[in-house]
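The following paragraphs lead through one protein chain, from its overall form to individual residues. Please keep the sequence and the model in view while reading.

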Amino acid sequence: MVVICEDLPEPRNCVSLDPDLKDSDGIPAPKVTYRLSENSSKMLAHCVARATEVLQAAGAKETVAEAPLPFAGWHLMGTARMGTDPKTSVVNEWGRCHDVRNLFLIDGSIFVTAAGVNPTNTIQALALYIADTIKKNLASLFD
């Protein structure tokens with residue numbers, strides 16, 4: 001049995017530039033900072049307890065839980081959230097970076113929060129929407 005929980009946005013969870021690690025061209029590497037929040041820890045504990053109850057009710061003689069799974073796939077999203085306010089978001093409502101006019105982000109980072117399941121279809125839909133919006137506004141995009 002697998003428990004899937006959604007982390008709430010946490011300002012301290014982010015992707016930044018590593019101050020020390022650089023690639024062969026001297027470009028800083030991305031640094032992912034993530035800590036399981038108190039809320040996420042409580043959600044996992046609650047879900048594991050309910051799952052254990054279900055398994056025991058179904059006749060399980062023994063249950064083992066490991067949460068969070070250290071080698072599970074994680075969909076880290078929301079690190080460059082979409083929104084209209086540059087104080088609380090990184091890109092506008094069509095993926096354009098508030099601070100860098102010719103930079104558009106088209107991936108799971110622009111989600112305002114994490115999806116509960118695989119995000120691929122939503123990312124594809126956003127990519128089409130953003131590409132269409134760029135195309136529609138191309139003539140005046142950098143005025």
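In this predicted model, 21% of the 143 residues of the chain count as buried. The overall dimensions may be read alongside that figure. Along the principal axes, the C-alpha atoms occupy a box of roughly 65 × 35 × 30 Å. The radius of gyration of the chain is 20 Å, whereas a compact globule of 143 residues would have one near 15 Å.

The secondary structure consists of 2 helices and 2 strands, and their order along the sequence is β-β-α-α. Strand β1 comprises residues 14-22 and contains Ser16. Ser16 has a relative accessibility of 29% and therefore counts as partly exposed, since that class lies between the limits of 20% for buried and 50% for exposed residues. Between Ser16 and Arg101, which are 85 residues apart along the chain, the C-alpha separation is 19 Å.

Strand β2 spans residues 28-33 and includes Val32. With a relative accessibility of 52%, Val32 counts as exposed, because the cut-off for that class is over 50%. Val32 also belongs to a nonpolar surface patch, together with Val15, Tyr34, Trp74 and Leu76. The accessible area of these residues together is about 470 Å².

Which residues of α1 are buried? They are Ser40, Leu44 and Ala51. Viewed down the axis of α1, the buried residues fall within an arc of 35 degrees, so they line one face of the helix. On the face of α1 turned away from the buried side are the exposed residues Glu38, Lys42 and Ala57.

Two backbone features complete the description. After α1 comes Gly59, which has a positive phi near 105 degrees. Pro68 is located in the loop between α1 and α2, the latter covering residues 120-136. The peptide bond leading from Ala67 to Pro68 is cis, and its omega is near -5 degrees.

Terms used. Residues numbered from 1 in each chain as written. Predicted model: local features only at pLDDT ≥ 70, side-chain atom pairs only at ≥ 80, totals over all residues. Heavy atoms only, no water. Buried < 20%, exposed > 50% of the residue type's maximum accessible area, 1.4 Å probe, protein only. Helix = DSSP H or I, 4+ residues; strand = E, 2+ residues; numbered from the N terminus. Arc of directions from axis to C-beta. Patch = residues over 30% accessible without salt bridge, like charges linked within 9 Å, V, L, I, M, F, W, Y side chains within 5 Å. Areas by Shrake-Rupley, 256 points an atom, 1.4 Å probe, with all protein chains shown as cover. Salt bridge = Lys/Arg side-chain N within 4 Å of Asp/Glu carboxyl O. Rg over C-alpha atoms; globule rule 2.2 N^0.38 Å.
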